Amino acid sequence: MKATFQALVTRLHEGQVTSALESIGTTQLSTGEVAVRTLYAGVNYKDCLSLLGKAKIISQFPRIAGIEAVGEVLDPGTTDLRVGEQVLVHGFQTGIDFDGGFSEVMRVPALHLQRLPGGLNAQQTAVLGVPGFTVAMALDRFEESGLQPSDGPVAVTGAGGAVGHLAIHLLARAGYQVIAITRNLAQEPNLRRLGAAAVLDTSSAQQSLRPLERPQFAAAIDNVGGSTLSWLLRSMQDRGLVASVGNAGGNQFDGSVLPFIMRRVQLFGVVANATWAERQHLWNKLATVWKPDFDVLMPCVHYLQLSELLAHAQRQLDGATSGRSIVAMREMP
């Protein structure tokens, strides 16, 4: 293990949050029994907010952000892990209460780590990451509620983002007709290549403000919130299912009880943290029956170096990025 390594450290000084690349040692990391060499760290909207101090997410400073990572064990401590074994961490307040993935080396509590699911390599696991796990949680809930592909289309809002891309592809692979909803229609060819049967413009879809719209969707995964979620709820079929997974368009939304009373719509939230039983169940499905076609996904994945992350974070918050972004701790071929 190198004596020092690079990490993007986020600090709070006189009320101002700043992040900078620093050379640090393992003793400067938060506590954890297992030392892990980071291979990939997914970049999420939440991470960008943390890095730039745009929301109160980090609980204590200094902190290394990054809510998910895939790596290999450097020092297993007293666990039954092996040196060189590949592992995954997400949730458990990683990058919030504990130092996260934007570091060449991590120290991770043993109870937060899981071995890679059989059938997925490190790069594939990182491509799925928190966005793929979020979609899996929503799809699992849909199917537990009895949803079948024959019930009708499934809408995906915020279709151009990482969760949107993975939702379109995973739902389509599972046999569902997917309607992608985006504010950027220039992405339509790419969204259709991922599996979207149709692409709707966000603004035109919301022009009507009727208490109930024409029933269109059997289910929906909403990454946006705000007025988009309001419109979705009014546009669901009878017994429609809506998974709220993001708030890029706002935390609040206006609405009425009519979709719930007249059409028995169900709205539920998804957060990519789960019990170990759920983690094992969903990652196993992502590695088998829901396994994506990575040849289709890879053109939508953008790899960054740690030194490029701050500039990228601002672009992502500005809505100037699309697809899945991953920090690779080595140069990608």
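Which residues have the most contacts inside the largest nonpolar core? They are Phe142, Leu147, Ile168, Leu171, Leu191 and Ile221, in a core of 57 residues. Helix α2 (residues 122-144) gives the most to this core, with 12 residues. The model is predicted.

**Cores**
- Phe142 touches Leu147, Val154, Ala219, Ala220, Ile221, Leu241, Ala243 and Phe268, leaving out residues up to four places away in sequence.
- Another core, of 24 residues, lies apart from the largest one. Among its residues are Leu29, Ala41, Leu49 and Leu51.

**Sheet**
- Six strands form an open sheet with parallel pairing, in the order β11-β10-β9-β12-β13-β14.
- β11 (198-201) and β14 (266-269) are the edge strands, and each pairs on one side only.
- On average, neighbouring strands of this sheet are turned by 20° against each other, direction ignored.
- Strands β9 (residues 154-157) and β10 (residues 178-182) run parallel and are joined by 4 bridges. Ala155 has Ile179 in β10 as its bridge partner.

**Helices on the sheet**
- Helix α2 packs on the sheet and touches β9, β12 (217-222), β13 (236-244) and β14. The direction of α2 makes about 155° with that of β12.
- Helix α6 (residues 226-234) also packs on the sheet, touching β9, β10, β12, β13 and β14. The direction of α6 makes about 165° with that of β12.

**Gln114**
- Gln114 sits in strand β8 (residues 114-115).
- Gln114 counts as buried because its relative accessibility is 5%, and the cut-off for buried is under 20%.
- Beyond its neighbours within four places in sequence, Gln114 contacts Val87, Leu88, His90, Trp276, Arg279 and Trp283.

Terms used. Residues numbered from 1 in each chain as written. Predicted model: local features only at pLDDT ≥ 70, side-chain atom pairs only at ≥ 80, totals over all residues. Heavy atoms only, no water. Helix = DSSP H or I, 4+ residues; strand = E, 2+ residues; numbered from the N terminus. Buried < 20%, exposed > 50% of the residue type's maximum accessible area, 1.4 Å probe, protein only. Contact = heavy atoms within 4.5 Å. Core = buried A, V, L, I, M, F, W, Y, C linked by side-chain atoms within 4.5 Å. Pairing = 2+ DSSP bridges. Axes fitted to C-alpha atoms, helices over the stretch in contact; angles between N-to-C directions.
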